Amino acid sequence: MLKTLSVKISKDMEVYKNSAQKRPRIENTRNFKEHGMYESTIILPLHTGTHIDYPLHAIEGGKTSSDYSITNQVYKGYVCDLSNGIKDNIISIDIVKKISEIDVDVLFFKTKKDKLNSIGEACFDFEFPYLDAGASCLLTSSKLKFIGIDQLGIERAQPNHETHVNLLKNDILIIEGLDLTCIKNGFYEFIFFTLGIQGVEAEPIIVNIINVIK
């Protein structure tokens, strides 16, 4: 079994708060008429699409991509399906305390029944579900290495970005912008691939399911 849970990159993809600064741009830099071949350059903000956050994103002087080796390893994970609705769109302590002691490396929150939109279909949901600070604090006592969500952010309008800080200062890396529409609540084995960009606070990530754990 192999399923990819990362969204495709395009100029029309949904981006955080519909910000033009976060939208990818693909520019033709060489063409057949002038150069005899065709080449393009992509300008891709590192927090666009399915991406992983490292501590430097929220912690001054924090660790970067250079401090982690996450590719070509198999991780046991759990997908928590909350797509039928969450009170006030908050993933709270009451929700996570039921799963905080599960022995896994990866915890993904599924909050959507549909994929992230293209710009032509719908606008960014400013009231998206998010993981609150108290719940993130509780999860830091777990053995988790990664926490992910199918929204473009894991927190929303939180003072001092508490959810990010709580997780990242405890070396729990954050994956945002997943496509979890193809999978259900349950246990899986995952493998991740990054671009291997050095010294950055975030980068695109390919997330694959390689096995369903019965």
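Modeller: Let us start with Asn208, which, leaving aside neighbours within four places in sequence, is in contact (heavy atoms within 4.5 Å) with Leu2, Lys3, Thr4, Glu189, Phe190, Ile191 and Phe193. This is a predicted model, in which local features need pLDDT of at least 70 and side-chain atom pairs count only at pLDDT 80 or more, while totals for chains, interfaces and linings use all residues. Residues are numbered from 1 along each chain as its sequence is written, and side-chain values use heavy atoms, with hydrogens and water left out.

Colleague: Why is Asn208 called buried?

Modeller: Buried means under 20% relative accessible area, exposed over 50%, and partly exposed in between, with a 1.4 Å probe and protein chains only. Asn208 has 8% relative accessibility, and therefore counts as buried.

Colleague: What makes the link between the side chains of Asn208 and Thr4 a polar contact?

Modeller: A polar contact is a pair of N or O atoms within 3.5 Å, where within protein one must be able to donate a hydrogen and the other to accept it, and residues adjacent in sequence count only if both atoms are side-chain atoms. The side chains of Asn208 and Thr4 meet this rule at 2.7 Å.

Colleague: How do you know that Glu155 is buried, and which side chain does the side chain of Glu155 meet in a polar contact?

Modeller: The relative accessible area of Glu155 is 6%, so Glu155 falls in the buried class. Its side chain makes a polar contact with the side chain of His161 at 3.1 Å, and the side chain of Glu155 also reaches the backbone nitrogen of Thr163 at 3.5 Å.

Colleague: Why is the pair of Tyr16 and Phe128 called edge-to-face?

Modeller: Rings of Phe, Tyr and Trp (its six-membered ring) pair if their centres lie within 6.5 Å, and planes under 30 degrees apart count as stacked, over 60 as edge-to-face and the rest as tilted. By this rule there are twelve aromatic pairs. The ring centres of Tyr16 and Phe128 are 6.2 Å apart and their planes stand at 70°, so this pair is edge-to-face. The two residues are 112 residues apart, and the pair links distant parts of the chain.

Colleague: What makes Tyr16 partly exposed, and why is Phe128 called buried?

Modeller: Tyr16 has a relative accessible area of 21%, and is therefore partly exposed, whereas Phe128, with 2%, is buried.

Colleague: Why is the pair of Tyr188 and Phe190 called tilted?

Modeller: Their ring centres are 6.2 Å apart with the planes at 50°, so the pair is tilted.

Definitions and conventions:
Helices (H or I, at least four residues) and strands (E, at least two) are DSSP runs, numbered from the N terminus.
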